Amino acid sequence: MADERLKIESVPPKSDWRDPKVEFRKGTFCYSAAGKHLEALDLPNPREWQPTDADWKLPADWKQIILDGMRERLKKYRSFRLFMDICVRCGACADKCHYFLGSNDPKNMPMVRAELLRSVYRRYFTPAGKAFGSLAGGRELTEEVIKEWFYYFYQCSECRRCSVFCPFGIDTAEVTMIGRELLGLLGININWVTKPAADCFRVGNHLGIQPHAFKDSLEFAAEELEEITGIQVDLPINRKGAEVLFIMPSADYFATPHYYTLLGYMSLFHEIGLDFTYSAYASEGGNFGMFTSHEMMKRLNAKIYDEARRLGVKWILGGECGHMWRVLHQYMDTMNGPADFLEPPVSPITGTRFDNARTTRMVHISEFTADLLYHNKLKLDPRRNDRWNVTYHDSCNPARGMGLLEEPRYVLKRSCNNFFEMPANTIREQTFCCGSGSGLGTDENLEIRLRGGFPRANAVRHVHEKHGVNMLACMCAIDKATMPALMEYWVPGVEVAGVHELLGNALVMTGEKERTKDLRGEPLPQPSMAQPQPPAAEVINA
Amino acid sequence: MGPLSSAIGVVALIVLAALAGASEPGRVVLGLVIPYAALATFLAGICYRLVQWALAPVPFRIPTTCGQQKSLPWIKSARLDNPSTGLGAVGRMALEVLLFRSLFRNNQAELYERRFVFGDSKYLWLGALAFHWSLLIVLLRHLRLPVEPVPQFVLALNAVDGFFQIGAPVLYLSNLIVLGALVYLLLRRWRDPQLRYISQFSDYFAPLLLLGIAVSGMLMRYGAGADVVAVKRFAIGLATFQPVLPEGLGLLFWIHLLLVSALAACFPFSKLMHMGGVFLSPTRNLANNSRIKRHINPWNYPVKTHTYAEWEHEFHDKIKAAGIPLDEEQKNG
């Protein structure tokens with residue numbers, strides 16, 4: 001079956017890219033957002049419809065709404081205006097997109113994806129396009145174009161890989177984000193993004209887990225951890241006066257394998273005696289607003305600072321998540337700051353001042369843990385991870401919207417004896433998306449997800465065959481949710497784990513009982529079988 | 001549509017120049033009216049576009065980070081590919097503008113029997129770099145025409161460019177390179193199926209125009225010859241706003257001049273504006289310091305949020321039953 005999907009032929013497309021006709025084939029698109037979720041968020045044009053319908057029930061003046069929306073955004077975002085203007089179509093981005101590589105649909109080449117919007121921009125907003133129309137690369141705005149936008153702007157995971165290679169830094173994520181915003185003005189959204197956004201807004205997290213269930217979930221995790229380690233950990237929730245507010249993506253306390261990462265956090269916080277609290281109000285780090293509009297991003301993100309202010313904490317620690325960190329790193333302070341009610345973060349254990357977070361005052365957990373390890377504050381037994389040959393998948397947003405590359409590797413190399421990198425063109429800033437980012441991790445578009453994830457899976461298969469890699473470590477909730485299926489399909493025999501799950505496995509806790517199981521509740525490798533190797537600790541010198 | 005119609009466009013310009021260059025009124029239009037009009041369009045257009053870009057704010061700090069961030073002191077950060085300071089960002093831009101850093105990363109994904117291989121692919125980078133730099137050198141060498149006395153650096157440039165002293169007149173390397181690079185870039189666009197799919201009129205028109213300019217210029221220098229003294233008189237006249245139309249400028253010259261004028265006039269309204277735009281790109285020219293220094297969005301506006309109080313109000317009983325502290329209790333306690 002896998003081979004069938006791989007008939008990716010690189011033949012020159014005969015069609016003209018200006019033809020907006022799209023076939024909504026099952027498996028390649030996402031279902032529309034239900035009207036009630038749009039209503040919950042005060043979004044325009046709530047109604048029931050599906051992409052396969054002939055009539056999308058657009059408002060009567062839909063064309064004017066789009067053109068006005070474009071005009072407004074051209075004035076508000078230099079990125080948007082510039083990226084509409086300066087592409088020379090050199091083609092460097094073409095084979096950098098995982099969706100193009102996996103589907104060979106030419107409109108998935110980043111330059112073409114952007115051109116779908118650019119052609120309309122030219123026709124209505126530039127002198128050359130107004131005068132010469134299609135000769136100047138212009139295109140009429142029709143309902144077919146709107147459908148085409150929907151199809152291709154929801155086949156982009158906003159991973160920014162193309163923008164690494166673009167000689168002008170044109171970022172398709174910016175184009176897609178604006179494109180989705182424009183569609184949103186007509187009430188065109190996908191359910192997998194809008195329902196979670198509505199739940200985040202009202203309940204606090206994208207799964208709609210209410211406060212009592214949030215507590216249950218943590219308690220259940222703590223019980224399981226006690227069974228494994230013999231240690232009972234505290235579960236401070238909404239506790240005022242704690243030093244640190246801890247924010248994680250909600251999948252960490254409700255989905256597998258995220259859950260084992262939560263056990264890792266819990267072990268770590270207990271072991272170092274961190275004075276912290278969870279929040280049932282800000283119980284979601286992930287931000288589905290980012291996949292809707294800049295305004296929605298801000299509306300959802302506001303909870304984090306609001307909650308930190310209410311609880312009177314000193315600073316904020318953030319768990320493992322991808323786009324969550326793009327928002328926290330590049331948007332939060334600008335949108336909802338200044339965080340002058342917090343203090344510049346200082347590790348209570350090592351005394352390290354996190355100068356790189358001195359105004360936003362939120363620290364990534366791998367920065368925090370790497371610092372602990374560097375100062376030898378944790379006792380690790382990496383042999384407990386000896387059944388895993390580990391590789392690391394850089395999540396798109398922390399890699400290309402932040403540069404968080406060494407910290408997780410440092411944690412992994414201290415926690416695991418067997419660590420192998422994937423090929424250089426597929427990691428770090430060149431990392432390949434899981435194929436399901438930016439709200440596309442739903443089931444109805446599984447085919448496009450598996451296609452989009454193919455380049456990533458391919459690199460995993462390389463190390464799987466070469467080094468026997470059987471564990472794909474990552475630091476993104478969407479990765480953890482979607483890569484198990486991706487691995488099962490392309491590279492059976494490789495499991496997926498968070499970085500702090502592997503750290504938690506290796507962490508020797510004070511007063512723990514004799515450990516026979518890892519955080520998955522599976523037997524630890526027998527000491528006799530495990531190779532007594534020195535820790536693969538490697539100090540990255542400045 | 002692209003290749004053919006743009007070729008027709010360039011040929012039409014050449015024919016036009018040839019026809020007009022043959023008559024006195026035509027020469028006035030070609031030599032005086034069009035160059036000034038083109039120059040005015042070029043300057044005004046570029047200013048307009050740059051101002052339009054500059055007026056659009058940069059609401060968020062969104063650099064694409066291409067290396068390790070600056071975080072803990074013992075982790076080496078990528079100062080140029082992921083700069084944390086303004087100076088680093090200047091360095092990143094210098095690499096980008098002068099050496100096409102990002103294009104240098106280019107690789108080519110190829111599928112060999114279910115396996116992707118990412119081979120190095122430096123030809124696009126090499127072709128682009130060769131084209132842009134040699135074009136710049138050719139442009140600078142032209143300064144010997146409208147400027148008298150000829151600046152020292154232009155003479156030096158001529159000497160270096162003609163270092164190999166092949167033939168007489170001396171063959172400039174930059175001429176060969178610009179020609180070769182243009183042909184390579186055009187052929188690449190024409191032959192690569194993916195690229196051809198998206199290529200538009202202007203993608204062929206601009207390089208064909210440049211090719212016409214290069215070939216007519218080289219024919220003047222190495223082939224049919226041109227009266228350099230006449231050209232120089234014309235150029236000085238144009239530059240000092242005391243235009244003259246000396247005899248003996250020749251057909252090739254009129255073709256060359258009209259094509260250059262066409263290029264200049266199109267420039268601000270075409271993708272050639274990437275020259276100015278590259279400096280303003282917010283994914284490249286900003287330092288990655290958004291957690292270190294607050295970035296201000298000039299149009300930041302208040303939005304509707306769901307406050308803690310609203311949340312507590314809705315889930316009050318469940319929060320209480322679960323034993324999670326309520327705001328009220330903590331205030332009193």
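Predicted model: local features only at pLDDT ≥ 70, side-chain atom pairs only at ≥ 80, totals over all residues.
## Domains

Domain bounds here come from an automatic or database domain assignment.

Chain B has its own division, into domain 1 (2–301) and domain 2 (304–333). The centres of domain 1 of chain B and domain 2 of chain B, again over C-alpha atoms, lie 62 Å apart.

Next, have a look at helix H3 (residues 62–76) of chain A. Ile66(A), Met70(A) and Arg73(A) are buried in H3(A). Viewed down the axis of H3(A), the buried residues fall within an arc of 75°, which means that they line one face of the helix. Gln64(A) and Arg71(A), on the other side of H3(A), are exposed.

What do the buried residues of H3(A) pack against? Their partners are three helices of chain A: helix H4 (78–85), helix H6 (110–125) and helix H10 (172–185).

## The four-stranded sheet

Chain A has an open sheet of 4 strands, paired in parallel in the order E2-E1-E3-E4. Strand E2 (276–277) and strand E4 (362–364) of chain A are the edge strands; each has a single partner strand, so one side of each lacks a neighbour in the sheet. Strand E1 (residues 244–247) of chain A is joined to E2(A) by 2 bridges in the parallel sense, and Leu245(A) sits opposite Thr277(A) of E2(A).

Helix H14 (residues 294–311) of chain A packs on this sheet, where it touches E1, E2 and strand E3 (315–318) of chain A. The direction of H14(A) makes about 150° with that of E1(A). Helix H17 (residues 365–374) of chain A lies across E3 and E4 of chain A, and runs at about 70° to E4(A).

## The three-stranded sheet

A further open sheet in chain A has 3 strands in the order E5-E6-E7, with parallel pairing. Strand E5 (390–393) and strand E7 (495–498) of chain A stand at its edges with a single partner strand each, so one side of each has no neighbour in the sheet. On average, neighbouring strands of this sheet are turned by 35° against each other, direction ignored.

How many bridges join E5(A) to strand E6 (residues 471–474) of chain A? There are 4, and the two strands run parallel. His393(A) stands opposite Cys474(A) of E6(A). E6(A) also pairs with E7(A) in the parallel sense, over 4 bridges, with Leu472(A) opposite Val496(A) of E7(A). Both faces of E6(A) are covered: Met471(A) and Ala473(A) are buried on one side, while Leu472(A) and Cys474(A) are buried on the other.

Note on methods. Residues numbered from 1 in each chain as written. Chains lettered and ligands numbered in written order. Pairing = 2+ DSSP bridges. Axes fitted to C-alpha atoms, helices over the stretch in contact; angles between N-to-C directions. Buried ≥ 20, exposed ≤ 12 C-beta atoms within 10 Å, placed from the backbone. Arc of directions from axis to C-beta. Contact = placed C-beta atoms within 7 Å.
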